[in-house]
Structures are given as structure tokens and as C-alpha cells.
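Let's take a walk through this structure together, one region at a time. Keep the sequence and the 3D view open as you read.

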Amino acid sequence: MSNESTASSNFIEDIIESDIRNNKNNGEVVTRFPPEPNGYLHIGHAKSICLNFGLAKKYKGRCHLRFDDTNPGKEDVEYVDSIMEDVKWLGFDWGRHLYYASDYFDRLYDYAVQLIKEGKAYVCDLNADEIRKYRGTLKEPGKESPYRNRSVEENLDLFARMKAGEFANGERVLRAKIDMKSGNINMRDPVIYRIQKSEHHRTGNIWCIYPMYDFTHCLSDSLEEITHSICTLEFENNRPLYDWVLDELKVKRHPQQIEFARLNLNYTVMSKRRLLELVKGGYVKGWDDPRMPTISGLRRRGFTPEAIRDFCERIGVAKADSVVDIALLEHCLREDLNRRAARVMAVLRPVKVIIDNYPEGKTEDLQAENNPEDALAGTRMIPFSRELYIEEEDFMENPPKKYFRLSLGQEVRLKHAYIIKCKRIVKDEKTGQVNELHCSYDPKTKSGSSEENRKVKGTLHWVSAQHAADAEVRLYEHLFSKENPDSGEEDYKKNINPLSFELLTGCKVEPSLLNVKHGTNYQFLRQGYFCVDPDSSGKMPVFNRTVSLRDTWAKIKKKEGK
RNA sequence: UGCCCGAUGGUGUAAUUGGCAACACGUCUGACUCUGGAUCAGAAGUCUCCAGGUUCAAGCCCUGGUCGGGCAGCCA
């Protein structure tokens, strides 16, 4: 596992290295990952997590996990728990540095009082609608609120009464007194506290006023002595406000906010709002639906933390918005799984093969390597007998050229077993469907025996019919059929790929797969990587297709089809 | 005639901070193979958004454009 080290540097590291050279913050590097617990983490968060924890590790600093829980209406412990689980699963450790913005509510309140005392904040009685109107537009400056010049005493009194619960939701807010004519709308006397009489998942009902993001975030960073506060591009316009609050309050540590471009992936949607909608609307089976780009979805799909970290490393960090090709994610996954997943044989769409010249009732145990990429993975025995299953698509009555698989009169090797030749087809009289393939085998061609080293073009996977276990297999593809499903012209939900999920029952797998541990990754030979779903039981193993193998034959077919 | 940010092969990032544009994914060839997997070898593809300027030298600096993104929650 050497997927760190020599990746080329990015502009954030340049800034940090320069800060270290100048002994800024005494050369300390402290970062944080600050999720709001209002949804599940997704691969875009993974980029931020890898960045923040990675930076802390690289520069021997630390990275905090802080829940930005200032909006009780939308937040929930369910999300807190899942976020912690996901960060841990990704392989990061915040140690004792677990924080909640809600832990700072008292201090934040004191800071607000300080601002009021210095005449830099005021209680405003305008309602939300009026505030919007006074704010002006992108092109026109705003107007000052009629409540802007209240006395400090009156502001103090009103703010205390807001806290005491004397007013209804929305009746008053606390605003920073900055500049209603600023070109940056965030600076037009932003609201920093609002009344919200709802129960908070951690502080219960003791607060009925809650601080806004712009006030909370910078001060939380400062309180935790963060040095580099890394966030996504949409907060660029908030940076002047971030700096304003810290400057006016004259805090000891003033972290530097640095923005980077969030991750976008083609064939998927990433916004929390969209993901929530997919879950709540029943378009997927939950936050951990294997088609979701959530960490829990990827985990259930069979992704490994290593693959995700490697991906985050490779995509880099920059300020230009971009869309990463999902093929890169899949590449990282295959690369990791290739060296760790045990090979097994599973027939997804079985067709029966009868080897006429193989003795009835005979069973042989054949040795099979578990992973050709890993000598330490060892071998196992798999049973072979007269009746087998092979993959439906591995036989064609009228094969096109370059078809290396089984057809009438043609030979193929059965992996780890013998070379067989197809002699006769038994079809259903009515449907014409192939029921049985009668073959002969050549006893001299047993795998491992050196006498007969005849080469055949094709090698198939198979399972012994009497020994095979039944299994359920769930096939997944991209959730959306368009590269950019949410481009705006149409409802993104119209672009959901109807083939993104396919359920296969009656699959036949080798007996070693009967009692397997949830989450284990396997490679089904010639098919792809699959992992054991939590729905799996000792009676009926259930596998999710994580990702298919690279398939040159499929590519050839596709090309010729066009 | 608001403010802020960005632009380098198809995609994502680099470029010793001003020195003959590189890496990865993808694509295409070929070799090898008891996985049409993996691996190996190779190829095509960017004259760095445009126009000026500074300089012996510009993807990097300056000026002006063009195009793209973000901002008008009592969300974060």
C-alpha cells in the first residue's frame, strides 16, 4: 500500500509550504473537515477528507472533525453517526479532535455581544421579505435598515430577549453592521443570528437563537486554532466576511480560508439535495444503495477505502471547476481489487453442459489458484463432474469470426479442468432455446498435466451442477445514462438509467461461496469484481457487482454493432 | 454600466516559480496469456482561450477582450 508519496504538489501545498518557511502560525498546520450533519457523505466529501487529513499528515499537524450543526431543523444524529463511520472507514482518525459547532454556542453568543457593544452588530426587526428587499440586487446597492442605528443598550437588551425566547421565529435577527453598498452581497449587513425554536440534536431546547454559518464557521476555526481552513469554491465570496468577523473580534488565531474546486463526476449527481431527493423519492433503495455516490453506497457496492483514497490522490486539487471521468474511479478500483480479490467461479446465466464421455457419478477435485497476482493467496479445490453449468453467452450456435468460445464442433478449455468439444445441442422444441450442450472431454488435457499442452483459444469458467450453490447477483451500472444528467434543461431524474440495476436469480456459484462474510470482495472469473451484500445469508448468498472486468470482447462487439 | 474566481491533449492534473509543455485515465496497435482479466511494448492526441505588451526567452508577468463558473437563505 504505497499510494501516497510522490504525487505532484497542488496550490494549497504551495501556500502551506510558504507559510511554514515564513514560520507563520509557528510552522503549525491544523486543518479540519467540517460537515453539516444533514445528509450522508459522498465521494466529493471524500476528496475534502483526503485533502484535509492528508495535509495534516504530510505536514505533521492535525485534522479535526467538526460538525457544523447550527441548523437544527435539518440536522440529525443519524447523519452524525454515519459521517463518523464513513470517515473512519475511509481510513482517517481525528483522535481526540472531535468537535461540534454547538459546543461553542456560549462563546459565540459572547462574541456576538462583543460585536454589539462595539457598535458592529444590531438587532433588526425587518422580516425576511423586507430584508431581501433592502439588500438590493446584484447590480444595485442595498438600503440601510431603519433599525441599523439603534443604541448599544437597546441592541443588548433586544438580543438578550431574543435569547430568552421572548420573540417568535423570524421576528428579529442580529445583523453585522458592515456595508449595504458593498459589491459583495455577503457584506450587506449579513444576518448572524436568527430565532429558531426547534430542538437541537445536541443542545436540546436550551437555545432558541442559532448562529449563522458565516459567523460560526470562522470563529469555530479560530477557537480550534485551525491554520488553513479549506473549503469549496462557492465560499469564495464569503471569505471577506470570514476575515471581517475575525478582524473585528481581534481573535488570536486568524485562519486562512482557501477554496478549491469541488469534485464532479460524470454519469452521476453529487449535490446533497439531489441525493436526498433520490432517497426520499424512492428512486434508489436508500443512502447506501450501491448505485449511489455516497460513501456508504460505494462501500456496499464493494469499493475499498484504498481505491477511493488513490482516486482522490490522482484527481488533484485545483481552482478550476472540472468533471472527472468516472472511468478513472473504476480504474483505481480495478487496480486495487485485482491484487486483493480472490478468484472464484460463478455462472450468472447458467446453461447446462453434459460431458458424455465422463463417467457418471464421478467427481474430481481440481486445484485452483486463488489469485494469480498473489502467490500467498494459495489454492483451493473445486469439484468437477459430468454435468456442469457454463455461461449462456459462452456458447453460440452460429458464432461470428473471432468468437473464441464454445460452438458446435469447437474446443475450449474449462479453466482449471479439461478441454472439451461441443458435439450436440439439445433445444426446447417450442422456444428454440438451448437446454443442454452435449460435449466430450479429452482426459489427457487436465490442467497441470504436462503431457498434453494443446492450445485452445478460449477458456471458460464453469461450476459443477451437483455441487453448485444457488446465489442471487445484483448487477449495477451508472445511475444515470447521460454524462451530465443535471445540466438544467430537463429534470435530472429523467436521465436515470433504467438498466442501472438488474437482479439475477438462479445463479450458480462454486460451493466455497456458500458461507461468506459480508463485504468480502471476490473476482468472479472473466466477469468482474463482486462483493457479498449484507442481505446475504447462509442459505442464499447475495453478491453485488462492484465493477466488471475490462472487456475487450464487449468492445469488439460494440464496434462491429455500429 | 455590481462583486469574486477560473481557462494547459477527449478527461483530470504537472511544469524546477520566466528556460525547448509532462504524468495519469481514456483511445488505438501489437506481444503474451489455462480469466478476451492482469502484464508488457508502442502510437495518436495539447504549439497552453484571443489580441497586444515586457523580455534574449512567456503556459507562467502586464493590459484589454472572449468564454465559463459563483454570489441577491433568517441554508451550509
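## A strand with two partners

Arg474 has Asn544 as its bridge partner over in strand 25. Strand 25 covers residues 542–548, and its pairing with strand 21 is parallel, with three bridges. Keep in mind that what you're looking at is a predicted model.

Strand 21, residues 469–476, has another partner too: strand 22 (residues 501–509), which runs antiparallel to strand 21 and is joined to it by seven bridges. One of the pairs here is Leu475 with Glu502 of strand 22. Is strand 21 mostly covered or mostly open? Mostly covered: seven of its eight residues are buried. If you're tracing side chains on screen, here's a handy rule: in a regular strand, they alternate between the two faces of the sheet.

## Around the RNA

Now for RNA strand B. How many residues surround RNA strand B? The count is 70, and the closest are Thr70, Arg343, Ser447, Gln523 and Thr552. Sorted by class, this surface has 25 nonpolar, 19 polar and 26 charged residues. Which part of the RNA do they meet? Of the RNA strand B atoms within 4 Å of the protein, 62% belong to sugar or phosphate, and the rest belong to bases.

Gln523 puts a polar side-chain atom 2.6 Å from a base nitrogen of RNA strand B. Tyr213 uses a backbone N or O atom, which sits 3.0 Å from a phosphate oxygen. Asp68 has a side-chain N or O atom 3.2 Å from a sugar or linking oxygen.

Helix 13 gives the largest share, five residues.

## Helix 11, mostly under cover

Let's go back to helix 11. Nine of its 11 residues are buried, among them Pro305, Ile308, Phe311 and Cys312. Some charged residues are on the buried list as well, including Glu306, Arg309 and Asp310. What do the buried residues pack against? Their neighbours are helix 2 (43–58), helix 3 (77–89), helix 10 (295–301) and helix 12.

When you look along a helix, remember that there are 3.6 residues a turn, so residues three or four places apart point the same way. Just past the end of helix 11, Gly316 has a positive phi of about 75°.

## Cysteines without bonds

How many disulfides are there? Zero, if you count only cysteine sulfur pairs within 2.5 Å. Take Cys312: its nearest cysteine sulfur belongs to Cys50 and is 3.9 Å away, so Cys312 is in no disulfide. Cys312 is also buried, because its relative accessibility is 8% and the cut-off for buried is under 20%.

Cys422 counts as buried because its relative accessibility is 2%.

## A stop at Asp110

Last stop: Asp110, in helix 4 (residues 105–117). Asp110 is called partly exposed because its relative accessible area is 48%, and that label applies between 20% and 50%. Gly61 is 49 residues from Asp110 along the chain, and their C-alpha atoms are separated by 29 Å.

Note on methods: Residues numbered from 1 in each chain as written. Chains lettered and ligands numbered in written order. Predicted model: local features only at pLDDT ≥ 70, side-chain atom pairs only at ≥ 80, totals over all residues. Heavy atoms only, no water. Near = heavy atom within 4 Å. Polar contact = N/O pair within 3.5 Å; in protein donor to acceptor, adjacent residues only side chain to side chain. Helix = DSSP H or I, 4+ residues; strand = E, 2+ residues; numbered from the N terminus. Buried < 20%, exposed > 50% of the residue type's maximum accessible area, 1.4 Å probe, protein only. Contact = heavy atoms within 4.5 Å. Pairing = 2+ DSSP bridges.
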